Amino acid sequence: MDAKELQKWQREKAKELFDYSHTLLEAAKKLSEHHIAEMEWGMKNALESAKSAAKNDLAKLKDLQADAAKEAAKRAAMYQKKVKSVLKELGEGAADETEKQLEKVRASLVTWLEDAENKMPAHAEKLSKVVNEMSTTGQNMFKEGRRIVNEVADAAEKNIDELVKKSSGSKKSSAKSADE
């Protein structure tokens with residue numbers, strides 16, 4: 001690799017790093033916006049509860065707390081989905097970039113092998129085929145692994161959602177039996 005090629009490569013890598021840092025910054029911004037919205041809601045709820053407590057309106061305070069608990073469960077689920085969406089988007093972007101890099105490496109390897117075939121005698125073609133098949137298999141394994149990871153993450157999310165629904169259902173049942 002001569003100086004010009006090295007310099008070009010360094011510029012490409014610097015641009016990729018800059019783009020990725022921008023992507024991370026956007027993800028942090030989205031997560032911060034979601035977090036701030038949750039903090040504002042919590043502060044509003046705390047203020048309402050404090051007002052009721054100051055007025056010694058215990059019935060209203062109890063109602064506010066019950067409503068706040070229900071709303072908090074809903075908001076927590078929404079917050080979880082928003083965060084998961086941002087992280088999934090970020091993960092998919094990283095996986096896409098990795099896939100592109102793997103394709104570049106594969107293309108570079110194939111080019112090198114084609115050049116080597118011209119310089120190497122007899123069995124170079126067999127070596128070329130083996131390496132080409134290995135690189136294609138590696139690329140396919142990466143794609144399959146990525147698919148499996150996404151399926152596992154989706155299944156885990158569904159299980160968590162079902163568990164949350166069951167636990168909120170059991171809380172409602174126990175609250176009804178306590179009222180009776």
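Guide: Welcome! In this protein, residues 24 or more positions apart account for 71% of the contacts with a separation of 6 or more; a contact means heavy atoms within 4.5 Å. This is a predicted model, where local features need pLDDT of at least 70, side-chain atom pairs count only at pLDDT 80 or more, and totals for chains, interfaces and linings use all residues. Residues are numbered from 1 along each chain as its sequence is written, and side-chain values use heavy atoms, with hydrogens and water left out.

Visitor: Where is confidence lowest and where is it highest?

Guide: pLDDT is the predictor's confidence in each residue, from 0 to 100. The mean is lowest in helix 3, at 70, and highest in helix 1 (residues 3-54), at 82. The protein averages 76, with 86% of the residues scoring at least 70.

Visitor: How many helices and strands does the protein have?

Guide: Helices (H or I, at least four residues) and strands (E, at least two) are DSSP runs, numbered from the N terminus. Here there are three helices and zero strands, giving the pattern α-α-α along the sequence.

Visitor: Is Asp154 buried, exposed or partly exposed?

Guide: Buried means under 20% relative accessible area, exposed over 50%, and partly exposed in between (1.4 Å probe, protein chains only). Asp154 has 28% relative accessibility, so this residue counts as partly exposed. Of the protein's 180 residues, 12% count as buried.

Visitor: Where does Asp154 sit, and which residues does Asp154 touch?

Guide: Asp154 lies in helix 3 (residues 124-179). Leaving aside residues up to four places away in sequence, Asp154 touches Lys84 and Lys88.
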